[in-house]
Amino acid sequence: MSIKSILCAYSGDPAKGSGLRHALRLAQHHDAYLTGVAKMGGLAFLHRHFSAQVPESVRDQLEANGRKTLAEISDRFMAMARAAELGDRAEFVELDPKTDGPIAAFARAFDLVVIGHHTGAPYEDEYAAHPDLIALRSGRPVLIVPDRYDSATTSAGDVIVAWDGKRAATRALVAAMPILEDGARVTLLSVGTTPRNTSRLQQTIARHGVTVEALTVPQQGSIATTLLSHATDQNANLILMGAFEHSKFSHDFIGGATTDALNDTQIPLLMAH
């Protein structure tokens, strides 16, 4: 399946904007439609915990501030879409979780979700999306573009697949096939042991016209460190991996390869669950 409908979860941070820039280039490259979305923020925490104690005048002011922020986010998104000459293939949606549902549910209507990952950015908690949760809950592939990443091309180039033989990694690989078929050179990278049927998978990928090799390397440090180190050595420009083979709680509590790679990657990372 080709990529024709892209959702960009955009928090509007003008100093970074790596996710939006990359989403615009993907939309241009694939002749796709691009929808920007930001969730309404500002009052969520107060509504949940202190609604009765907050004066109505304060709530009204916070509501007005939130709508002003969303308008600024929308304006910046549409200005960049016009500069990219997307025309009527671009739109922006101000998503109200109370009436429209969470971003993860909204994302199910799209081929691909693109998110800029800006830890600690202004409005991150209220207006931005959390890529790990969207990958976990939406059933759609999520492409995370790290802070300040910028590339003139969206061609796949050298791609590292974190291949452990499990379901989530398979989902990420299948979801990324439209990107891989666009001239990618793929390395199925396994850490420690080679999963069974890897040679069969290699054969299947090659039948799609994709150059592919399988490589098993010893673990050096954490699995994420081993993966990212190899990606750097190979000058890769995309990593594919499965998200949360164990529970989300365990990843939040003790960490995991998904969390570590998401926090430390310097190149785009596509994950699926």
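Trainee: Are Tyr10 and Phe77 buried or exposed?

Mentor: Both Tyr10 and Phe77 are buried in this predicted model.

Trainee: How many aromatic pairs does the structure hold?

Mentor: The structure holds three aromatic pairs. In one of them, the ring centres of Tyr10 and Phe77 lie 6.2 Å apart. The planes of these two rings stand at 50°, so the pair is tilted.

Trainee: Where in the chain do Tyr10 and Phe77 sit?

Mentor: Tyr10 belongs to the loop between strand E1 (5-9) and H1, and Phe77 to helix H3 (residues 56-83). The two residues are 67 residues apart, and their pair links distant parts of the chain.

Trainee: Which aromatic pair does Phe77 form with Phe92, stacked or tilted?

Mentor: The pair of Phe77 and Phe92 is tilted, with 5.4 Å from centre to centre and 55° between the planes. Phe92 lies in strand E3 (residues 90-95), 15 residues apart from Phe77 in helix H3. Both Phe77 and Phe92 are buried.

Trainee: Which residues do the ring pairs link into a cluster?

Mentor: The cluster consists of Tyr10, Phe77 and Phe92.

Trainee: Changing topic to strand E5: how many of its residues are buried?

Mentor: Five of the five residues of E5 (residues 142-146) are buried, so this strand is largely enclosed by the rest of the structure.

Trainee: Which way do the residues of E5 point?

Mentor: Val142, Ile144 and Pro146 point one way, whereas Leu143 and Val145 point the other way. In a regular strand, side chains alternate between the two faces of the sheet.

Trainee: And which way does E5 run against strand E4, parallel or antiparallel?

Mentor: E4 (residues 112-117) and E5 run parallel and are joined by five bridges. Strand E10 (residues 269-272) runs antiparallel to E5, with three bridges between them.

Trainee: Which residues of the largest nonpolar core touch the most other members?

Mentor: That core has 78 residues, and those touching the most other members include Leu270, Val186 and Val159. Leaving aside neighbours within four places in sequence, Val186 is in contact with Val159, Val161, Leu180, Val210, Thr211, Val212 and Glu213.

Terms used:
Residues numbered from 1 in each chain as written. Predicted model: local features only at pLDDT ≥ 70, side-chain atom pairs only at ≥ 80, totals over all residues. Heavy atoms only, no water. Core = buried A, V, L, I, M, F, W, Y, C linked by side-chain atoms within 4.5 Å. Buried < 20%, exposed > 50% of the residue type's maximum accessible area, 1.4 Å probe, protein only. Contact = heavy atoms within 4.5 Å. Phe/Tyr/Trp six-rings, centres within 6.5 Å; stacked < 30°, edge-to-face > 60°. Helix = DSSP H or I, 4+ residues; strand = E, 2+ residues; numbered from the N terminus. Pairing = 2+ DSSP bridges.
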